[in-house]
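This briefing is meant to be read alongside the sequence and the 3D view.

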Amino acid sequence: MTRRAVTRQYPETLPELAPRSRGVIALFEENCTVCMLCARECPDWCIYIDSHKETVPPAAPGGRERSRNVLDRFAIDFALCMYCGICVEVCPFDALFWSPEFEYAETDIRELTHERDRLREWMWTVPEPPPLDPAAEEPKEVAAARRTAERPTPGGAA
């Protein structure tokens, strides 16, 4: 009450957002394997995923054909979403990210279901992750892989 009120001139000047602020969920479609973990773990059931199976030819002669899931639809209903971030956390392939984008208001609540093309547009606004701490110890997976690569081969190929 003792300080003057500060009026933000929002549309003309954009606000200074905190680093790594949460806005909307962005989709990196190339990493999505249609495992459905995000949709299953969502407490609001606001993620809609459709896919189909596709046969992939063998990689080597004499191999067998493989099948893989192909993403047909990925949509998030932001009218239902509570922005908990569980979907981002459970995604094992880093296909979902928090974007600082916050200007996605709609005049009709039915238009708050955003399809994968809109979610992909927001992917390019996701900030780079902070750099790794140089004093941190090496991850155990990397250390095990390095030890395996440095181990001499049996038979002593020279």
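Two strands are said to pair if DSSP finds at least two bridges between them, and strands themselves are DSSP runs of E with at least two residues, numbered from the N terminus. The model is a predicted one, and the points below should be read with that in mind.

**Sheet**
- Three strands make up an open sheet in the order β2-β3-β5, and their pairing is antiparallel.
- β2 and β5 (113-114) are the edge strands of this sheet, each pairing on one side only.
- β3 and β5 run antiparallel and are joined by two bridges, and I76 has H114 in β5 as its bridge partner.

**Nonpolar core**
- The largest nonpolar core contains 29 residues, and those with the most contacts inside it are I25, I47, I49, F74, I76, F78 and L96.
- Two or more residues of this core come from each of β1, α1 (37-41), β2 (47-56), β3 (66-77), α2 (86-90), β4 (96-99) and α3 (116-123), with β1 giving the most, namely four residues.
- Once its neighbours within four places in sequence are left aside, I49 is in contact with V34, M36, C38, A39, L71, R73 and F74.

**Surface patch**
- Y10, L14, L17 and F102 form a nonpolar patch on the surface, and together they have about 370 Å² of accessible area.
- L14, which lies in the segment before β1 (24-27), has a relative accessible area of 58% and therefore counts as exposed, the cut-off for that term being over 50%.

Note on methods:
Residues are numbered from 1 along each chain as its sequence is written. This is a predicted model: local features need pLDDT of at least 70, side-chain atom pairs count only at pLDDT 80 or more; totals for chains, interfaces and linings use all residues. Side-chain values use heavy atoms; hydrogens and water are left out. Patches are made of residues with over 30% relative accessible area and no salt bridge: like charges are joined within 9 Å, nonpolar side chains (Val, Leu, Ile, Met, Phe, Trp, Tyr) within 5 Å. Accessible areas come from the Shrake-Rupley method with a 1.4 Å probe; for residues, only the protein chains shown count as cover. A salt bridge is a side-chain nitrogen of Lys or Arg within 4 Å of a carboxyl oxygen of Asp or Glu. Buried means under 20% relative accessible area, exposed over 50%, partly exposed in between (1.4 Å probe, protein chains only). A nonpolar core is a set of buried Ala, Val, Leu, Ile, Met, Phe, Trp, Tyr and Cys residues joined through side-chain atoms within 4.5 Å. Contact means heavy atoms within 4.5 Å.
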